[in-house]
Amino acid sequence: MTPLLEVQNLSYSPNGHFRLHPVSFTLEAGEILAIVGASGSGKTTLLQLIAGLLEPETGQLWLNGESITRPSRNLVPGHPAIKLVFQHFGLSPKINVYQNIAYLLKAYPPAEKQDKIESLLRLCQLKGLAERMPHTLSGGEKQRLSIARALADDPLLLLLDEPFSNLDTLLKSQLKKDMINILKQTDTTAILVTHDMQDALSMAGQVAVMQQGRFIQAGTPQQIYEHPATPYVAELFGTCNFLEAAQLNRILPKAGDYGKIACLRAEHIHLSQKEGLSGRIVKVRFMGAYTEVTIRVEDILLTVYTCDHIWKEDNLVGLVVEKNKIHYF
């Protein structure tokens with residue numbers, strides 16, 4: 001079966017300096033891929049290359065088995081079946097919500113156009129806002145409108161560039177649920193670029209991690225989280241305690257020596273008043289749903305997450321480590 005998107009050896013090298021080293025991957029129809037990494041890792045550059053807005057140094061793109069023409073060979077950059085949703089919304093400010101969608105459907109017959117707009121207003125929860133001007137909308141409403149515009153002419157591929165970065169926590173949480181629902185209802189294939197690892201884990205079926213212009217690991221969210229390829233990947237997805245093998249075996253005899261570096265996630269260490277490795281609490285930080293506790297064991301500091309809010313600084317405490325969850329590099 002032909003993948004919806006095939007990327008082969010795609011690279012970008014402005015002025016002879018690589019911003020994106022050769023990248024290859026495929027994306028099946030209906031899949032959501034999240035691309036994550038630190039700022040400057042090449043995420044947005046890759047998205048713009050796929051969208052046909054940047055000229056690649058090397059490589060080729062195929063959409064539904066057909067080669068995507070390079071920007072230098074197009075009169076207008078971009079591909080009509082690939083749509084971008086930006087963090088800055090990209091709305092037309094002088095026309096209302098209804099007209100913002102209608103503008104993208106100028107070639108449709110009037111009756112079909114009307115049905116399409118009404119369908120998108122319902123799907124994106126904008127039904128009661130059709131006459132509103134963009135500047136009167138909330139951040140979440142603006143982003144839903146930008147999604148409606150992107151979906152207007154049924155794109156094969158939707159590219160989402162940091163779509164939640166301008167939203168507060170409450171709006172972001174609701175919009176994520178809305179977006180997942182919209183993508184599933186329309187069976188839309190999408191690539192999400194984000195620096196928020198929770199967005200990637202909760203929204204995508206596949207995750208790719210970028211570092212300095214390279215793909216360094218790709219897989220399902222669970223594979224990436226439980227089996228990180230490097231310490232960098234491990235730390236991207238949560239708080240980690242990194243110990244040299246000798247340190248680990250000093251405080252946890254028989255833990256095993258399977259690599260030079262051991263990674264203990266903060267949620268895989270549990271506090272106990274009666275058992276386990278002994279340490280002294282040096283810092284307690286209330287984080288709402290959990291408490292972050294820093295503990296000194298001999299000359300080693302460990303960070304632990306716990307749902308119990310009973311621990312106090314300078315208390316002695318026992319630690320129980322899930323040894324089967326220790327990851328080695």
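Author: Two strands are said to pair if DSSP finds at least two bridges between them. Please keep in mind throughout that what stands above is a predicted model.

Reader: With that rule in hand, in which sense do strand 7 and strand 8 pair, and over how many bridges?

Author: Strand 7 (residues 157–161) and strand 8 (residues 189–194) pair in the parallel sense, and the pairing extends over five bridges. To find the place by eye, look for L160, whose bridge partner in strand 8 is L192. Strand 8 is also joined by five bridges to strand 3 (residues 32–36), the two running parallel, and there I35 stands opposite V193 of strand 8.

Reader: Which way do the side chains of strand 8 point, and are they buried or exposed?

Author: The general idea is that in a regular strand the side chains alternate between the two faces of the sheet. In strand 8, T189, I191 and V193 point one way while A190, L192 and T194 point the other way, and all of them are buried. Strand 8 is accordingly described as mostly covered, with six of its six residues buried.

Reader: What is the order of the open sheet formed by three strands, and what is its pairing?

Author: That sheet has the order 11-12-18, and its pairing is antiparallel. Its edge strands are strand 11 and strand 18, each of which pairs on one side only. Strand 11 (residues 240–244) pairs with strand 12 over five bridges, and C240 has R265 in strand 12 as its bridge partner. Strand 12 also pairs with strand 18 (residues 327–328), over two bridges; here C263 stands opposite H327, and A262 has Y328 as its bridge partner. Four of the five residues of strand 12 (residues 261–265) are buried, so strand 12 is largely enclosed by the rest of the structure.

Reader: Turning to helices, at what angle do helix 4 and helix 5 pack, and how far apart are their axes?

Author: Helix 4 (residues 139–151) and helix 5 (residues 169–186) pack at an angle of about 20 degrees, with their axes 10 Å apart. Because angles under 35 degrees count as roughly parallel, helix 4 is roughly parallel to helix 5. Helix 4 passes helix 5 in a right-handed crossing. The residues that meet include R144, I147 and L151 in helix 4 and L175, D178 and I182 in helix 5. The residues of this contact divide into six nonpolar, three polar and two charged.

Reader: Finally, why does N100 count as buried?

Author: Buried means under 20% relative accessible area, and N100 counts as buried because its relative accessibility is 0%. N100 has its place in helix 2 (residues 97–102). Leaving aside its neighbours within four places in sequence, N100 is in contact with L91, S92, I95, P134, L145 and R149.

Methods. Residues numbered from 1 in each chain as written. Predicted model: local features only at pLDDT ≥ 70, side-chain atom pairs only at ≥ 80, totals over all residues. Heavy atoms only, no water. Axes fitted to C-alpha atoms, helices over the stretch in contact; angles between N-to-C directions. Parallel < 35°, antiparallel > 145°, perpendicular 65-115°, else oblique. Left-handed = near helix turned anticlockwise from the far one by under 90°. Contact = heavy atoms within 4.5 Å. Nonpolar A, V, L, I, M, F, W, Y, C, P; charged D, E, K, R; others polar. Buried < 20%, exposed > 50% of the residue type's maximum accessible area, 1.4 Å probe, protein only.
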